[in-house]
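I opened this entry to look up the charged pairs first, then the contact between the chains. My notes follow the order in which I checked things.

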Amino acid sequence: MNTIMKTQIAIRPCTRIYLLLVVLTVVTFAVGYFELLSGNRALFLSLLVLGFALIKGQLIGDFFMGLKGVRGPWRFVILLWLLIPGTLITIAFTLAG
Amino acid sequence: MSATLTAAPPVRYPPGDLAIWIFILAELAVFAIFFASYAFARMGDVAMFNEYQATLDKGAALINTLALITSSYFVVRAIAAIREDQPKTSVRWLLAALAMGALFLVVKSAEYAHHFGEGVRLSSNTFYMFYLSLTFFHFLHVVLGMVIPAAVALKTHQGAYSASEHTGMETGGVYWHMVDLVWLILFPLVYVMR
């Protein structure tokens, strides 16, 4: 009984996270599909969708991979991975203008 | 009642076998190098990258992203079901996750067929070299990732997992989530950002 209740409690946040992932994905698609990435705002919007991707990645790590309930260095392993390519991509796109 | 509402105490190690996490970190490191290489190579000819990026099918990429996210969610539900000692429900969620993985492979294969039909090759230009190698490397991970849930579903059907012992399922699950995680960066980087 306790196991079932705990699982049900855990499932609800995962369902909300799933819906948030879908929304952020559709927004990312819309930015590309409607060709909003032109002119002065191209860099800003590019980095914005990259930010969405990093947030989505952290949500996957925390809630789907189960790192939210982990303490110590493993708690931050996905966040660290996201920040390394995320920072390098940001630098490259910013320098490219 | 109050005990069930109390959050589980933090644990020292992530779910699944620790070895899979070491393997995942190695895989993620390779993809990180790929992503950074793409971004810095793009600096050399931004106009060319933007021109050929426009030839990619963003609708197909959207379908594939939603397929992988949904598949990951189904794996979460499969693990939740086995924690409730419901193996049949767990198998159904795993099969649904596999169906989403298969959808990804079909859509991606159609994209490749279209590009190859247009004469696109690895040697066509730097953008297509990165596009084809990055996405095909990920494609292979999806194929491998589908073998794992299929094996887990079979073992679950055979009664190998229960509420008290399901480390194998969690191990397969975190690998599948890694495949999803990589695509979540690849999608905006290759298809959208310019």
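Salt bridges. I counted three salt bridges over all chains, taking a salt bridge as a side-chain nitrogen of Lys or Arg within 4 Å of a carboxyl oxygen of Asp or Glu. I note that this is a predicted model, in which local features need pLDDT of at least 70, side-chain atom pairs count only at pLDDT 80 or more, and totals for chains, interfaces and linings use all residues. Residues are numbered from 1 along each chain as its sequence is written, chains are lettered from A and ligands numbered from 1 in the order in which they are written, and side-chain values use heavy atoms, with hydrogens and water left out.

Pair in chain A. I found Asp62(A) bridged to Arg75(A), with the closest N and O atoms 2.7 Å apart. Asp62(A) sits in helix 2 (residues 42-64) and Arg75(A) in the loop between helix 2 and helix 3 (77-96), so the pair ties together parts 13 residues apart in sequence. I took helices as DSSP runs (H or I, at least four residues) and strands likewise (E, at least two), numbered from the N terminus. Both Asp62(A) and Arg75(A) are buried; buried means under 20% relative accessible area, exposed over 50%, and partly exposed in between (1.4 Å probe, protein chains only).

Pairs in chain B. I looked up Glu170(B) and Arg83(B), whose side chains meet in a salt bridge at 2.7 Å, N to O. Glu170(B) is in helix 7 and Arg83(B) in helix 4, 87 residues apart. Glu170(B) counts as buried at 12% relative accessibility, while Arg83(B) is partly exposed at 33%. Glu111(B) bridges Lys108(B) at 2.9 Å; both lie in helix 5 (residues 87-117), three residues apart, about one turn of the helix. I have Glu111(B) as buried at 5% and Lys108(B) as buried at 0%.

Between the chains. I found zero salt bridges between chain B and chain A. The contact (heavy atoms within 4.5 Å) takes 53 residues from chain B and 51 residues from chain A. The buried area is about 4,700 Å², with carbon and sulfur atoms giving 81%; it is the accessible area (1.4 Å probe) that two parts lose on being put together, summed over both. Helix 1 (2-5), helix 2 (18-42), helix 4 (58-83) and helix 7 (167-192) of chain B each supply at least two residues of the side that touches chain A.

Chain A overall. I counted three helices and zero strands in chain A. Of its 97 residues, 44% count as buried.
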